[in-house]
Amino acid sequence: MDDDRHALCHSADLREGALALPFDVVFGGQSCRAFALRFRGQAHAYVNRCSHVAMELDLQPNKVFDASGQWLICANHGAVYAPDTGACAGGPCRGGLHKIECSEADNVVFWHSAWNLRPLIF
């Protein structure tokens, strides 16, 4: 197992268009929430921080998709992001979401730490 790979959930826990799965990370030296989701069959994860104003996207817990299930939306500002890349697709974005590398193996979803992203350890 790679040192930078962290088990997040069973693959079946991420369902297409369903609620996001939250988890905690240290990003840029601060503890914050992140979320994982499934879009077009692939697992994706992001730091839960709008690029417009550093607030979490979900006003209702873990609800990050818009009504169509095709876009991620900031419930506070209306910024819209592509679910597969985190790129700004409209609204008051200032760049995209910070994408967290994911992988799946043996029916487990993993997220990968990076130089500015690590697990939150209590």
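The model is predicted: local features require pLDDT of at least 70, side-chain atom pairs count only at pLDDT 80 or more, and totals for chains, interfaces and linings use all residues. Residues are numbered from 1 along each chain as its sequence is written, and side-chain values use heavy atoms, with hydrogens and water left out.

The protein chain contains zero helices and eleven strands; helices (H or I, at least four residues) and strands (E, at least two) are DSSP runs numbered from the N terminus. For 122 residues, a compact globule would have a radius of gyration near 14 Å, and the 14 Å of the protein chain agrees with this. That radius is taken over C-alpha atoms, and the globule rule is 2.2 Å times the number of residues to the power 0.38. Of the 122 residues, 41% count as buried, where buried means under 20% relative accessible area, exposed over 50%, and partly exposed in between (1.4 Å probe, protein chains only).

Strand β6 (residues 80-81) is joined to β7 over two bridges, and Val80 has Gly90 in β7 as its bridge partner.

Most residues other than glycine have a negative phi. Arg40, however, has a positive phi of about 50 degrees. Arg40 lies in the loop between β3 (30-39) and β4 (42-47) and, at 62% relative accessibility, counts as exposed. Asn107 has a positive phi of about 65 degrees and is found in the loop between β9 (102-105) and β10 (108-112).

Notes: Two strands pair if DSSP finds at least two bridges between them.
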